[in-house]
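Hello,

Here is the structure I promised to pass on.

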Amino acid sequence: MVGIVSYGTYLPKSRLSLADIASVWKKNPEEIIKSLGVSEKTVPSIDEDAVTIAIEAATQALKNFPQKRSNIGALFMGSESHPYAVNPSSSIVGEFLDIGHNYLSADLEFACKAGSAAIQIVASLISSKQINYGLAIGSDTAQSKPRNALEYTSASAGAAFLLGSSKVIASLEAYTSYSSDTPDFWRRDGSKYPSHAGRFTGEPAYFFHVMNSANLLFQKINLKASDIDYCVFHMPNGKFPREVAHRLGFTEAQLAPSLTVSQIGNPYSASSLMGLAALLDIAKPHQKIFMVSYGSGAGSDAFLWETTPDILAIQKRKTKNHDLVSDQIKNKTYINYLDYLKQTHKL
Amino acid sequence: MNITIAGCGQTKFGELWESSPRSLARQAVFTAIADSGVNKKSIQAIFVSNMLSEMLGMQSHLGALFAEELGISVPAYTIEGACASGGLAVHSAINSLLSQRYDTVLVLGVEKMTDHSSEYISSALMGAGSNEERLAGATFPGLYALLARAHMEKYGTTESQLASVSVKNHFHASLNPLAQFSHPLTLDQVMRSSYVATPLKLLDCSPISDGAAAIILQRSPTPKKNTVEIIASEIATDTLGLANRNSLTELQSTRKAAKNAFTSCGIAPSDIDIAEVHDCFSIAEILAIEDIAFDKKGEVAKKMEQGEYRLDTGQGLVVNSSGGLKGCGHPIGATGVKQIIEIYNQLHGQCKDRQVKNARLGLTHNVGGTGATAVIHILKKHD
Amino acid sequence: MISPIKVWRNQKKYAQQIGKVGTIISWTIINISPEGFIDQSPYPIALIKLSDGTNTLAQIVDWEEKHLRKNQPVIATIRRTQEVAPDEVIAYGIKFKPLD
């Protein structure tokens, strides 16, 4: 049985409100906030990057791991803002986490689903008994061009999952994946900002892939939405996950606790992972979580998790240490648009 | 010790755009040779003091460079200890005379800083501290600011009291034709200058300067009347970085070097008439006066504010009649040597408007980094 | 140009520092910063007493005015340190965050 042994998340402290962004470009703030379902987003500090954020998230995950770190046999980090084009973030993170040298690592990129792809890869290594434990991390400090629509939601966060086959707090019951070549959103090598194909990012991209991956999973597990306790989807904004949840037969109540997007924006490779962490923070034992990520280009990874009684101890420790996603969301300082330009290296 | 100063020479300190290290050295040394009446050929070794030539000018091997430039082809080498380079070079020269290997030697302190941007110089100066400090972005003013804050916390020292150090030193500098700054400063001007590293403001900090200072030292078993002798020369070393210090409110290297210096020549701090101390920042002068034991810890700042240590209103010891590092300027390698020259001139009664009456015993205090090195010299007018 | 080998050698000790807690002994805000720290400026640096009894000097990040005081608890984390050119190796190092 493969599953999550421990998990950790990190949000940079700065927040930029969408109202502030809107007023810079002389747009109607209420209209924008309402249509996106997002009120503020995280902004990294000038000295943070996807690597430092991954280290923070993984350090938190390893706080709740009683075994020797050298037992970790794999580390995969997914991001669309790896600091180097050539030189793996994964092994920089591995070195700072002091996990020794007996591990497999490589960097992943698949837009916003690079982190979830990491989970499937590490899970496979464990179930084939090649390794005992592995870290799957999604971390981003994604960029967006000033004035572009993406500026309202592109955010920053990191989520790390330590997977193993014993003492799991949530077992990975089943997983599927759906991939295609779909040019909805991309960034060329050397280009600072991504580009996107407007409304094409909706039905033919997000919805098509999420629905297909989800339906593959439903078939595999032979369950209905009403048999499941919680769901979480990739959150490019507040609207898409609500719409796709509805189409798949989930209720608002099943989705609501996962919607971190309204307070943090879209942290790309960490998006659905942050939503999963928020659910794990509150789920009771023996509850089922249906998770579907989405990455432009495009593809979707779907997972069915089931929590175990071991989840209670981790929740208790995280509550005590103020390490819950809800604690991190509250731990914020507002900045203005100029600070945002400085902190994201645009000035 | 039987070490006498035969002659001195110093250039003006300041932003000397037209001067190169070579021209500065020539000016200082040929003035010293003329002042000493010594034949150039009798100089047997050259001790060069410099900190930044390699980092800023890409030029090392200064001993050979100046030996050639000055036409004095003798053993020559550089001594470096950050801002204490000058004091260390004087100490090394003295050792060479005490060993009786040489009878007459030249000490040349020279620094050319103004060819470069202040950001670049700021980086280079961080070479005086530790790697940990550099990686933290701890500038030199930043490190002394940490000391200032600790002093303010423990003794209630105020920013205004610190500012009065700069006011005093600019007043003294206005009386020194070789000083970088000729204009006095008001307390208000210092207090209104912007923060470089809180609580230290721009006018709490010594400037970037060019300059050279040279002295000729001789071993003289039978010194003539009215010669100026160096009667003590002591060095003490403390940890490179602040993190490993025992105290933030005193420089233990100063304390140790001063104590050893006084003991070695049987003199007490209260015997000293005139002192040149290392005021790289205003707080550094407060610490110096305390740690050399001229006055009690925690009491100097108040006395400074009340007008002590000044040529005009001081009741006792006068500190930094040259203007100090703040007023006279701080070409790093030259400072420690210049301090000796100021005391030499005071003891010889040659200081005109800034002359301290009846000066017979003087002290110089030269510090490297944030106190990793401290060098004390005591000078006496031979009766 | 910072030597990548020096960066590598310095970084070996940082893994052990992550998560260490301490308290501020003295602090200052650097307004005029040297090359390599200009984009980050102004920033506070502090002398910190660690729980193991040793002292360290480092930058403080994610701070508010109220955190810059003697005895403020802080925790070590990894951040980028010196700004480097786009073709150089990135320098990571230890900085400290306030603990509320």
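Strands β11 (residues 361-368) and β12 (residues 373-381) of chain B run antiparallel and are joined by 8 bridges; strands here are DSSP runs (E, at least two residues), as helices are (H or I, at least four), numbered from the N terminus. In that pairing, His365(B) sits opposite Ile376(B) of β12(B).

This is a predicted model, where local features need pLDDT of at least 70 and side-chain atom pairs pLDDT 80 or more, while totals for chains, interfaces and linings use all residues. Residues are numbered from 1 along each chain as written, chains are lettered from A and ligands numbered from 1 in the order written, and side-chain values use heavy atoms, without hydrogens and water.

Both strands belong to an open sheet of 10 strands in chain B with mixed pairing, ordered β3-β2-β4-β7-β1-β8-β12-β11-β9-β10; two strands pair if DSSP finds at least two bridges between them. At its edges are β3 (76-79) and β10 (318-319) of chain B, each with a single partner strand, so one side of each has no neighbour in the sheet.

Now to the interface. In chain B, 29 residues are in contact with 28 residues of chain C (heavy atoms within 4.5 Å). The rule finds 13 residue pairs in polar contact between these chains, both residues at pLDDT 80 or more (N or O atoms within 3.5 Å, one able to donate a hydrogen and the other to accept it; residues adjacent in sequence count only if both atoms are side-chain atoms). On chain B's side, α7(B) gives the largest share, 7 residues.

Best wishes
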